[in-house]
Structures are given as C-alpha cells and as structure tokens.
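Here is a note for a colleague opening this entry for the first time. Please keep the sequence and the model side by side while reading.

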Amino acid sequence: MNINLTLIIQGLAFFATVLLVMKYGWPPIMAAIEDRQKKIAEGLVAAERARAELQDADARVAVEIRQARQQAAEIIDRAQQQANQMLDQAREDTLAELGRLKAAAQADIASMAQRAREDLRDQVAKLAVQGAAKILQREIDPAAHRALLDQLATEI
Amino acid sequence: MAESAEQAAGGGMTEYIHHHLHNLQWHVGSGVFPVINIDTVAVTLLLMAVFLGAFITAARRANAGVPGRFQAFVEMVVVGVDELVRETFHGSSKLIAPLSLTIFVLVFMMNFMDLVPVDLLPWLGRASGLPYLRVVPTADLNTTLGMALTVFLLIQYFGLKHKGPRLFFKEMFTAPFHAHGFMAIVLAPINLLLRLIEEAVRPVSLSLRLFGNMYAGELIFILIAVMSLGAGLAHGMTYVMGPIQGMADFVWTVFHILIITLQAFIFMMLTVVYLSMAAEHH
C-alpha cells in the first residue's frame, strides 16, 4: 500500500504513452477524419450541383421539344397552304385553259359558219346567175359582170 | 465468479484478504521507497502496449475512405473526446485532446482489470510460481498518483506556455484577490498560499478519487469471494452461500461497469478542466 518507486515508473510510462499518442496516434486519425468530412462536404455540393444541372437540362429539353412541336406545326401549316395554293392554281389554270379552248372553238365555229355562209352565198349567186342566164337565155359574160356578181354576193 | 475453496488452505479470511491486497514486490534497495510493484507495472505496461498497438495501427491505416469497423470504433472514441475537449477548452492545443484520450482509455482499461474474476489471475500466478499478484493497476495508489502528478506537471507546463512566464508567476500573487497599491502587497502572500493549496489539492483529489473507488471495488469483490471461503461439498452452508455469492458478484460486476467508466471519464474531464483553467487569464 505504500508509495514507492512504482509511482515514478507509472508516471513516466503514462507520460511516454501520452507522447506517443500525441505524436503518432492522434494526428493521422484526426487528419483522416477531417479529410473525410471535406470529401463528404464536396460530394454533397457536387450532388447538389448535378441535381441543379439536371433540372436545367430538363427545362432546356422541354423548351426545345415545345419549339420543335411548334416548328413542325408551322411546317405542316405551310405545306397545307402550299397544297391549297397549288390546287387553286391548277383550278385557275384549268379554268383558263377551258376558256381559251372554248374561245378557240367558238372562233372556229364562227369562221366555219362564216365560210359556210360565204359558200352558200357563192352558190346562191351562181344559182342566181344561172337562173338569170336561163331566164335571159343569153350568155352573161362572167368577166364583164364580176363586179356586179360580187356585189350581189355581198348583199346576200 | 470467485471460487476460492482451496484459498482457505492459507488460513482464514484475514489471510485471504491480506494476500489479495499484497503486491508482487521487488525490493531494489533498502527502505520503504525503493520498491517496485512488479504486478502493477507489468499490467500497466501490458495494457499500454495493447492500447498503443491498437491505436497506432488504426492511425497508420487511417484514410479518408470508407472506414472499417475497427477504424470506425477508434474514430468514434477520438471524435467523442475531441468534441468534449472543444466544448471545454476554447483555445487550440495539440496536447489536451490526445492526453484526454490516453487518460480515458488507459484508466478504463486498467479499471477493467477489476472485472476479471478476482481469483483467476492470482491463481494462475501462483500456479506459475508468483506468490502475490494484484492485477488492478488503478487500485494501487502509485499508479493513480503517478498519473495525477504527470497531469499536474503538464498543467504547470501548459500554464507557462499559454500565459508566458511573466504572467504565470505574476498571477500567483495577484489572483484570486485583485488589489492595487498597498493592499496588493498585503494580499500577495494570501494569494500565493491559496494558489499553492489549489495546485496541491488537484493531484491529491484526482488520484485519491480514482484509487478509492477502485480499491473499494476490488475489496468488495474480495469480500464477495470470501462468502464461500473454505466451503466444502459436505457443508450445508455451501449450498446457501453459493447462490448468494453468485448473485452478489453479478450485481456488483454490473454496477462496477458503470463505476469504472465513470471514474475514467471523471479523471479525463477534470484533467481537461484543469488544463483549460491553467490557460485562462485571471
């Protein structure tokens, strides 16, 4: 039970243990813990940033999809308009062609009627002349009476 | 836990208790002081080696990656002590936290030797030719006083380092009673006396508190073991005292787990407080 030399040995051994812990034990462990805390903090920040970036990207994608839809709608609209225009044009062209053909046909009909009328007039004039010749019983000189005959034809 | 039937061979209860409280001693010189308690020193050094081996291994393996179980355990203790020290001491010091950790773990381990069945190691010792063996280093006043004196010296060193020699010695005469002029001279010896008492009381209270608790704990384990001292299968009392002893041993062991942890914690906490006070300016 007495105080003896053990006191000094125990005190020194304790002091040596403290020194060893202070020099070789504590610093690496504290450093590792602080390193890990820093790493975790950085990881959390990085995760937060990644989440924000993902949100940004999502928003951008949504905007782009909306724009693409809009563009597609515009393109379809324009195509429809073009198709309508082309149809209208074709209709107009057809109608114009139709008119033109109709006019030409009418002109043909008119000229053919004119010619028929003229033929008819000629024949009537000839018949008239032949009739007159028969009536007069004498030869009418066609050359001498050309003018008279032409005038007659015109009047008919 | 303490079977000690054959212990009675030595001769009775007094002999048994006395035997248990006797250190294995080596008389280096003549007189009372140059004696070494070999059992105390050996157990202490063994526990220190275990502690240092485990702790420095953990320190060498420590990295910022995912910690394993052992590393997580060591780091839990380290962080616990570190936070406790930060709450109490608001300066920066490379000494306080490692010192506190060493105190807590070492005192806990030394106290823990009290939970080893009280007759087991002495019995093994006797089997290998050692006449005495006391295995609880903190139940030896030399250990607790040795540690307390080391802490005392560290307190003085810490105070000197943090305040500088001028302020350190000036405060011996000017605190706790401050005065000016003539009164300062009158109060100087009173201040010095108070300071000396304050400083002297610390290692004494620190060491005696731990020693008292552990010595009493050890003694109660011995007294519980005495219940079945000299018991034989032929005695009726053996069958009455046996179960009572088992119960008492169990209850006291459970209670003692609390005590050894608490005492280790108190020793650490008071050291932190004393060191913080030494660094404070008055």
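1. Conventions. This is a predicted model, in which local features need pLDDT of at least 70, side-chain atom pairs count only at pLDDT 80 or more, and totals for chains, interfaces and linings use all residues. Residues are numbered from 1 along each chain as its sequence is written, chains are lettered from A and ligands numbered from 1 in the order in which they are written, and side-chain values use heavy atoms, with hydrogens and water left out.

2. Size of the contact. Chain B brings 56 residues to the contact and chain A brings 31. Contact means heavy atoms within 4.5 Å. Between them the two chains bury about 3,600 Å², 77% of it on carbon and sulfur atoms. Buried area is the accessible area (1.4 Å probe) lost on putting two parts together, summed over both. B:Phe33, B:Ala64 and B:Asn142 supply 18% of what chain B buries against chain A, more than any other three residues.

3. One salt bridge is counted between chain B and chain A. B:Glu75 forms a salt bridge with A:Arg36, and their closest N and O atoms are 2.7 Å apart. The term requires a side-chain nitrogen of Lys or Arg within 4 Å of a carboxyl oxygen of Asp or Glu.

4. Chain B's side. Strand E2 (35-37), H2, H3, H4, H6 and H7 of chain B each supply at least two residues of the side that touches chain A. H2(B) gives the largest share, eleven residues. Helices (H or I, at least four residues) and strands (E, at least two) are DSSP runs, numbered from the N terminus.

5. The core. The largest nonpolar core has 73 residues; A:Phe14, A:Ile29, B:Val78 and B:Leu101 touch the most other members. Such a core is a set of buried Ala, Val, Leu, Ile, Met, Phe, Trp, Tyr and Cys residues joined through side-chain atoms within 4.5 Å. H8(B) gives the most to this core, twelve residues. Leaving out residues up to four places away in sequence, B:Val78 touches A:Trp26, A:Ile29, A:Met30, A:Ile33, B:Phe55 and B:Leu101.

6. A buried arginine. B:Arg195 lies in helix H7 of chain B. B:Arg195 counts as buried because its relative accessibility is 12%. Buried means under 20% relative accessible area, exposed over 50%, partly exposed in between (1.4 Å probe, protein chains only). Beyond four places in sequence, B:Arg195 touches B:Gln156, B:Phe168, B:Glu171 and B:Met172.
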